[in-house]
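Subject: A structure for you to look at

Hi,

Here is the structure I promised to pass on. Please open it beside this email and follow along as you read.

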Amino acid sequence: METTIMGNNRPQECCGGGPTLIFACSGAADVGQIADQAARRMTKNGAGKMFCLAGVGGRVSGIMKTTESASKILAIDGCELDCAKELLKQAGFADFEHLRITDLGMQKGKTDVTEQTIAKVAEQGASLLK
Amino acid sequence: MKKIQILGTGCPKCKKLTESAEAAAKMLGIEYEIQKVTDINDIMKFGVMLTPALVVDGQVKVVGKVLSPDEIKPMLI
């Protein structure tokens, strides 16, 4: 079988399974920013590949089909509004892991975006994808 | 004319998908053009993370697998 991972966020040639995709709410609040940064950190660390939530929302064909081919999906939401989770559900995706940053003890509007907070979320996210 | 694009760098699965797509088009008797997109940067413009992929008239139909001509036919109508 041929498997060529050609670097972060670059297409891979088909092998036995689809990609592990990470969607972050990337919302306007501090916890949304942490979600975004944690997803990028997880991509850098190889836990999965951050993918385009907006593309799923916009039903962009390539993004939809790629998401359908995913072997694992993680949605990271900053807060209880669960925008990423709800968007994926509305797009027809039901089988995915979900991480809510406020469940980790971080308060919306009161959490600094730091190496520590990003790392904590990234670590929790990676554990959900194992 | 139906525009069919195969996204992939030229692996055996890409070639197989191309053959299936062409066979499907011929079975339907439609006018078509097949374009192979092999440049990674061009492939990424479709929002695709897995190849091979089949694109019909600009819409991504299949990602990461090879389909038979019979499976592709409905996508060309």
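Axes here are lines fitted to C-alpha atoms, for helices over the stretch in contact, and angles run from 0 to 180 degrees between N-to-C directions. Helices (H or I, at least four residues) and strands (E, at least two) are DSSP runs, numbered from the N terminus. This is a predicted model, in which local features need pLDDT of at least 70 and side-chain atom pairs count only at pLDDT 80 or more, while totals for chains, interfaces and linings use all residues. Residues are numbered from 1 along each chain as its sequence is written, and chains are lettered from A and ligands numbered from 1 in the order in which they are written.

Let's start with two helices in chain B. Helix 1 (residues 12-28) of chain B packs against helix 3 (residues 69-76) of chain B at an angle of about 65 degrees, and their axes are 8 Å apart. Residues touching there (C-beta atoms, placed from the backbone, within 7 Å) include Ala24(B) from helix 1 of chain B and Ile72(B) from helix 3 of chain B.

Next, the sheet of chain B. Four strands form an open sheet in the order 2-1-4-5, with mixed pairing; two strands pair if DSSP finds at least two bridges between them. Strand 2 (32-37) and strand 5 of chain B each have a single partner strand, so one side of each has no neighbour in the sheet. On average, neighbouring strands of this sheet are turned by 20 degrees against each other, direction ignored. Strand 1 (residues 2-7) of chain B runs parallel to strand 2 of chain B, joined by six bridges, and Lys2(B) has Tyr32(B) as its bridge partner.

In chain A, strand 4 (residues 72-77) and strand 5 (residues 97-100) are parallel and joined by four bridges. Asp77(A) stands opposite Arg100(A) there.

Where do the chains meet? The contact takes 19 residues from chain B and 20 residues from chain A. On the chain B side, strand 5 of chain B gives the largest share, four residues.

Finally, look at helix 3 (residues 61-68) of chain A: seven of its eight residues are buried. A residue is buried if 20 or more other C-beta atoms, placed from the backbone, lie within 10 Å of its own, exposed if 12 or fewer, and partly exposed in between. The cover over these buried residues includes strand 3 and strand 5 of chain B.

Enjoy exploring!

Terms used
Contact = placed C-beta atoms within 7 Å.
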